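Please examine the model shown below.

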Protein chains: 2
Amino acid sequence: MKPRARRGGGRPTIADVALRAGVGAITVSRALREPGRVSPELRRLVAAAVAELGYVPDRNARALASARADVIGVLVPSLTNSVFAEVVRGIYDGLGDSHLQVQIGHTHYSGLEEERLLQVFLSQRPSALIVSGIDQTPAARALLENAGCPVVQIMETGPDPVDMMVGFSHFEGGRAAARHLAEAGYRNIGFIGARMDPRSKRRLAGYRAAMEDAGIFDPRLVTTTTVPSSVSLGRDLFREARAKMPALDAVFCNNDDLALGVLFECHGAGLAVPSAVGIAGFNDLEMMEAAFPSITSVRTHRYEIGRLAVSMARAAISGDRPPQPMVDIGFELMPRESTKRAR
Amino acid sequence: MKPRARRGGGRPTIADVALRAGVGAITVSRALREPGRVSPELRRLVAAAVAELGYVPDRNARALASARADVIGVLVPSLTNSVFAEVVRGIYDGLGDSHLQVQIGHTHYSGLEEERLLQVFLSQRPSALIVSGIDQTPAARALLENAGCPVVQIMETGPDPVDMMVGFSHFEGGRAAARHLAEAGYRNIGFIGARMDPRSKRRLAGYRAAMEDAGIFDPRLVTTTTVPSSVSLGRDLFREARAKMPALDAVFCNNDDLALGVLFECHGAGLAVPSAVGIAGFNDLEMMEAAFPSITSVRTHRYEIGRLAVSMARAAISGDRPPQPMVDIGFELMPRESTKRAR
DNA sequence: TTGTATGCGTTATCAT
DNA sequence: ATGATAACGCATACAA
């Protein structure tokens, strides 16, 4: 039977390299993936042949043969949330010179969407999976447990990790912020929250705990909505909160966007910050320090979470799982002008 | 010879489906990809078998066999820049129900890094490529021209597209902002710019053109740095600009982060906005409208650019290239309080 | 340490 | 419209 024309684009294959180097194809394969298992001499020959031919391994063929794609799947709620944008930056940076590729999926804060994306991702047999939060649906949880690859849950800590975990306690973060406001001398400290995803709810719980500790909790101090967060929403919610509780003299905001909105609303309404109104945010975006007055916030280590998640995943892929499968990376209260109340 | 155990994870394959449906494997393949070429009857049989077995096609095998991955490569400077985060959101949304996956690469504003990523991406034979800007290195340009897949350049318009293009004129955007400030009655209108990537430079050129038209250009009005943009940098640059030109009565900022910084610096220094200082930004982030006073900006249609780029790419993949390979999506000047100078 | 034979799951080619 | 067969390029299993 007559040999057919090659279907591929004529790119050099591993066989071409092997021929050129005068070795077997498998030796080329090994020299590229596990250089330690090939003699230095052959390794050199292979490297030379690769360079001369401009050989680039075909990822698709590799994935098919090994039943494993060099892909790390990442599930985040949204990339326009700059907090997750920074997590993703940390993830990319954590990749370093590995041949791993990142595949990002947006859950849009939906557990069902997370489930669906998990199915899609899993169908490619990723090398590892990074998912946001600890509130997966039971189905998603089952998928993760049977993923057959390392899994890292990020942004939060909690009991019962699927596999590995890097994050911090949003409850404690919320509590620290509220406690700070109370200690600064504010008495009617409101909570303003948008979107109210699970992490926001835990911040609210932390706020409540601190308020109850100080004996100054009042449910009317809490103003939330499921609407996505924005600066203008911060203005709106603050107006709403003040209408409900005119005595309000401070607010802890769900996140920094809202806090910025509150600051602008105060400017607009002629309310002095921090003397008439204290403001605290969450996440400590860069602008908090630059605002006038500068805004108190809870710094979260988003970039580091991304980096660490990848490094744990890579370790697990390599077979040496981190001794510490669960890392609480903490947070840091950043007290600033916006909560310096004159007593 | 004895049959070996299956290497794969035991997932049903196309052969299993074919057996179950009582058809050939290729018919299953076709029924899934080009239903129109399979008789309705067999199509039904195949669909049933797929459902019963829970068959999911193996992307890797598909990519290997067809020499084409269902991946659309996207190259952006950075994801922490919220402008590009929104572009990417548009891209994902534009995917709709297609089976395409997105692969994102960060060039970090480096032409060389863009070249490198292009090599990596190309090695997977993507279905399409979306790249940012029009300032590719000659090598990158050559790679794109020989990519063998549709290419969309985004964010800018310009002569000589590689293939397709969606964007707007940064020159005209900069010119419109500067002209607006001049028409508002400001005389000593500064330009503040960070990073100064090619697009920023074109905005600067637009600013200069408008200033020269008005006969009020002075090189000392321009303050730039290659440092990445941030709110605090906006404060610093504005201080620097004022030190250089005490008569400064307005600034057009490279982007909204800087503009916000200028606003805060004015607040801190007791400079009234817009009466003492006019401020205009670029991109029109959500917070511009919510700021106090609200900040004039040039609205750019980032999300739409992402959506459109994908829809053009998808059309080209399907063989029907858009009649209009080059789309200028425009921009919109958003005049606000920050430039309402009392004459 | 190196090589041989074989399989990975799918699609392109060609024939019917 | 449907099917048989041969790639696709690489990695696994096993032998040497």
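## Salt bridges within the chains

In this predicted model, D135(A), E156(A), D197(A), R199(A) and R202(A) are linked in a network of salt bridges. A salt bridge here is a side-chain nitrogen of Lys or Arg within 4 Å of a carboxyl oxygen of Asp or Glu. Over all chains, the whole structure holds 43 salt bridges.

Another salt bridge joins R336(A) to E289(A), with the closest N and O atoms 3.0 Å apart. This pair links distant parts of the chain: R336(A) lies in the segment after β12 (331-334) of chain A and E289(A) in helix α12 of chain A, 47 residues apart. Helices (H or I, at least four residues) and strands (E, at least two) are DSSP runs, numbered from the N terminus. With a relative accessible area of 6%, R336(A) is buried; buried means under 20% relative accessible area, exposed over 50%, and partly exposed in between (1.4 Å probe, protein chains only).

## Pairs one helical turn apart

In chain B, E113(B) and R116(B) form a salt bridge of 3.0 Å, N to O. Both residues belong to helix α6 (residues 111-122) of chain B and stand three residues apart, about one turn of the helix. E113(B) is partly exposed at a relative accessible area of 22%, and R116(B) is partly exposed at 45%.

R141(B) and E145(B) also meet in a salt bridge, at 2.9 Å from N to O. Because they are four residues apart in helix α7 (residues 138-145) of chain B, about one helical turn separates them. R141(B) counts as buried at 18% relative accessibility, whereas E145(B), at 47%, counts as partly exposed.

## The surroundings of D284(B)

D284(B) is found in the loop between β9 (278-280) and α12 (286-290) of chain B, and its relative accessibility of 7% makes it buried. Its side chain is joined to that of R336(B) by a polar contact of 3.0 Å. A polar contact is a pair of N or O atoms within 3.5 Å; within protein, one must be able to donate a hydrogen and the other to accept it, and residues adjacent in sequence count only if both atoms are side-chain atoms.

Leaving aside neighbours within four places in sequence, the residues in contact with D284(B) include D256(B), S297(B) and M334(B). Contact means heavy atoms within 4.5 Å.

## Where chain A meets chain B

The contact draws 45 residues from chain A and 47 residues from chain B. About 3,900 Å² is buried between the two chains, and carbon and sulfur atoms give 57% of this area. Buried area is the accessible area (1.4 Å probe) that two parts lose on being put together, summed over both. In chain A, N60(A), F264(A) and F292(A) lose the most area to chain B, together 14% of what that side buries.

Across this interface, the rule finds zero salt bridges, while 16 residue pairs are in polar contact, both residues being at pLDDT 80 or more.

## The form of chain A

Chain A has 13 helices and 12 strands. Its radius of gyration is 26 Å, well over the 20 Å that the globule rule gives for 343 residues, so chain A is more spread out than a compact globule. The radius is taken over C-alpha atoms, and the globule rule is 2.2 Å times the number of residues to the power 0.38. Buried residues make up 55% of the 343 residues in chain A.

## Conventions

Residues are numbered from 1 along each chain as its sequence is written, and chains are lettered from A and ligands numbered from 1 in the order in which they are written. Local features need pLDDT of at least 70, side-chain atom pairs count only at pLDDT 80 or more, and totals for chains, interfaces and linings use all residues, while side-chain values use heavy atoms, with hydrogens and water left out.
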